[in-house]
Amino acid sequence: MDIFLKVLGIILAVVGAVIVYGAKFIVNKYGLDKRETVNIEGIDDEALGKLKMQKAIAKIKGFGGLIFLPGMILLLIAFR
């Protein structure tokens, strides 16, 4: 059981870290910035595009962090 927790923790940590590191690639590949909505008036198209891109990247990085954190907690418990 101890080895299982170590392996599971490593897998979760690595997957989460890869998602956080590759967030910009993921957003560009799936066009997630085009699905974002922004409720700001009086902003030009270039700034709006950058804002949507940053918002989509932040969401993906948050998701990756939510996967990474349990992996690190498992590693702390397993290697105690």
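These legends walk through a handful of close-up views of a predicted model.

Residues are numbered from 1 along each chain as its sequence is written, and side-chain values use heavy atoms, with hydrogens and water left out. Since the model is predicted, local features need pLDDT of at least 70 and side-chain atom pairs count only at pLDDT 80 or more, while totals for chains, interfaces and linings use all residues.

**View 1. Helix α1 packs against helix α3.** Here you're looking at α1 (residues 2–21) and α3 (residues 45–78), with axes 7 Å apart and an angle of about 155°. Helices here are DSSP runs (H or I, at least four residues), numbered from the N terminus. The axes are lines fitted to C-alpha atoms over the stretch in contact, and angles run from 0 to 180 degrees between N-to-C directions. The pair is therefore roughly antiparallel, a label for angles over 145 degrees. α1 passes α3 in a left-handed crossing, in which the near helix is turned anticlockwise from the far one by less than a right angle (clockwise would be right-handed). Sorted by class, the contact of α1 with α3 has 17 nonpolar, five polar and three charged residues. For that sorting, Ala, Val, Leu, Ile, Met, Phe, Trp, Tyr, Cys and Pro count as nonpolar, Asp, Glu, Lys and Arg as charged, and the others, Gly among them, as polar.

**View 2. Glycine 16 sits in helix α1.** Its relative accessibility is 0%, so glycine 16 counts as buried; the cut-off for buried is under 20% relative accessible area, with exposed over 50% and partly exposed in between (1.4 Å probe, protein chains only). Setting aside residues up to four places away in sequence, glycine 16 touches Gly64, Ile67 and Phe68. Touching, or contact, means heavy atoms within 4.5 Å. Glycine 16 and methionine 72 are 56 residues apart in sequence, and their C-alpha atoms are 9.9 Å apart in space.

**View 3. Valine 20 is another residue of helix α1.** Valine 20 has 29% relative accessibility, so it counts as partly exposed. C-alpha to C-alpha, valine 20 and glycine 64 are 5.1 Å apart, though 44 residues separate them in sequence. Apart from neighbours within four places in sequence, the contacts of valine 20 are Lys61, Gly64 and Gly65.

**View 4. Helix α2 crosses helix α3.** The two axes come within 9 Å and cross at roughly 120°. Ala23, Lys24, Ile26, Val27 and Asn28 from α2 meet Met53, Ala56, Ile57, Ile60 and Lys61 from α3. By class, that gives seven nonpolar, one polar and two charged residues.

**View 5. Nine residues make up the largest nonpolar core.** Its members are Ile19, Ala23, Val27, Leu32, Met53, Ala56, Ile57, Ile60 and Ile67. A nonpolar core is a set of buried Ala, Val, Leu, Ile, Met, Phe, Trp, Tyr and Cys residues joined through side-chain atoms within 4.5 Å. α2 and α3 are the elements that give two or more residues to this core, and α3 gives the most, with five.

**View 6. Aspartate 33 lies in the loop between α2 (23–30) and α3.** With a relative accessible area of 14%, aspartate 33 is buried. Beyond its neighbours within four places in sequence, aspartate 33 is in contact with Val27, Lys52, Met53 and Ala56.

Technical notes: Angles under 35 degrees count as roughly parallel, over 145 as roughly antiparallel, 65 to 115 as roughly perpendicular and the rest as oblique.
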